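Here is a short note for a colleague coming to this structure for the first time. The points below can be read alongside the sequence and the coordinates.

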Amino acid sequence: MATYLVTGASGGIGVEYCRQLTERGDEAIAVCRSSSSELDKLGIRVETGIDITSDEAVADLVSRLQGKAIDVLINNAGLLKRVTLDNLDFDSIRQQFEVNALGALRVTAALLPNLHDGSKVIMMTSRMGSIDDNTSGSSYGYRMSKVAMSMAGKSLSHDLKPQGIAVGILHPGLVSTPMTNYNGISPEESVKGLLARIDELNLDNTGTFWHANGEVLPW
């Protein structure tokens, strides 16, 4: 049984990660600002009150874990707000950077003492953060913050390799959640593919930018 820590675990892909991990016999630790009835039904460990944009909250999470070993850290917490050229809301862009890029890096850095040789770190990014794949423009805050998140993941893949820690940079596909107005594939299908990618992750393919379906995505 492996121990997985999942941020942004109260709904969507996060709670589905926790469900599938629990069903296959792994331990899932759910981290979120506030829980949900869907998450509570799983009967797993839930750490609430954790805002990943806060140094104090993340330090509190570390304290609560009491040095518990983590086999897989899944940085899933994310924020999507529509920002167009004719409505450039810089506060919104800044907030998306705080959550999508800096938050994931903050959590990873804080939990490094809990990781070990053989651990894995997952950055849940987006195809919308691919520069080469951007054919429609707009979505400034989301696209820019996800590029930054992916770059953090790539740097982590180099910095953590000597410690035996692999890093996966994953796109879940277009998934039917509140974030996408319920367009796309089911969270169940997405997470099934994502877990397959995580299971395949190793030091030879660390730093790869994958679609949940196994396709290697362009940067």
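In which helix does valine 147 lie? The points below start from that residue.

1. This is a predicted model. Valine 147 belongs to helix H5. It is partly exposed, its relative accessible area being 29%. Setting aside residues up to four places away in sequence, valine 147 touches Gly129 and Ile131.

2. Apart from neighbours within four places in sequence, its contacts are Ile169, Gly207 and Trp219. Between lysine 154 and asparagine 76 there are 16 Å in space, C-alpha to C-alpha, although they are 78 residues apart in sequence.

3. Helix H5, residues 140-160, packs with helix H4, residues 90-110. Their axes come within 7 Å and cross at roughly 15°, which makes H4 roughly parallel to H5, because angles under 35 degrees count as roughly parallel. The crossing in which H4 passes H5 is right-handed.

4. On the H4 side, the residues that meet H5 are Ile93, Gln96, Phe97, Asn100, Ala101, Ala104, Leu105 and Thr108. On the H5 side they are Tyr140, Gly141, Tyr142, Met144, Ser145, Lys146, Ala148, Met149 and Leu156. By type, the residues of the contact of H4 with H5 are eleven nonpolar, five polar and one charged.

5. Helix H4 also packs with helix H3, residues 55-65. Here the axes are 10 Å apart and the angle is about 35°. The crossing of H3 and H4 is right-handed. Asp55, Val58 and Val62 of H3 make the contact with Arg106, Val107 and Ala110 of H4. Four of the residues in the contact of H3 with H4 are nonpolar, none is polar and two are charged.

6. What is the size of the largest nonpolar core, and which residues have the most contacts inside it? The core has 28 residues, and those with the most contacts inside it are Tyr17, Cys18, Ile74, Ile122, Leu170, Leu194 and Ile198. At least two residues of this core come from each of strand S1 (3-7), helix H1 (12-23), strand S2 (27-31), strand S4 (72-75), strand S5 (120-124), strand S6 (166-171) and helix H6 (187-200). H1 gives the most to this core, namely five residues.

7. Leucine 194 can be followed through its neighbours. Not counting residues up to four places away in sequence, leucine 194 touches Ile13, Tyr17, Met124, Leu170, His171, Pro172 and Ala212. There is also a second, separate core, which has 25 residues and includes Leu5, Ala104, Leu115 and Met123. Ala104 is also one of the H4 residues that meet H5.

8. Is glutamate 16 buried or exposed? Glutamate 16 has a relative accessible area of 4% and is therefore buried, the limit for that class being under 20%. The residue is placed in helix H1. Pro187, Glu188 and Val191 are touched by glutamate 16, with residues up to four places away in sequence not counted.

How values were computed
Residues numbered from 1 in each chain as written. Predicted model: local features only at pLDDT ≥ 70, side-chain atom pairs only at ≥ 80, totals over all residues. Heavy atoms only, no water. Axes fitted to C-alpha atoms, helices over the stretch in contact; angles between N-to-C directions. Helix = DSSP H or I, 4+ residues; strand = E, 2+ residues; numbered from the N terminus. Parallel < 35°, antiparallel > 145°, perpendicular 65-115°, else oblique. Left-handed = near helix turned anticlockwise from the far one by under 90°. Contact = heavy atoms within 4.5 Å. Nonpolar A, V, L, I, M, F, W, Y, C, P; charged D, E, K, R; others polar. Buried < 20%, exposed > 50% of the residue type's maximum accessible area, 1.4 Å probe, protein only. Core = buried A, V, L, I, M, F, W, Y, C linked by side-chain atoms within 4.5 Å.
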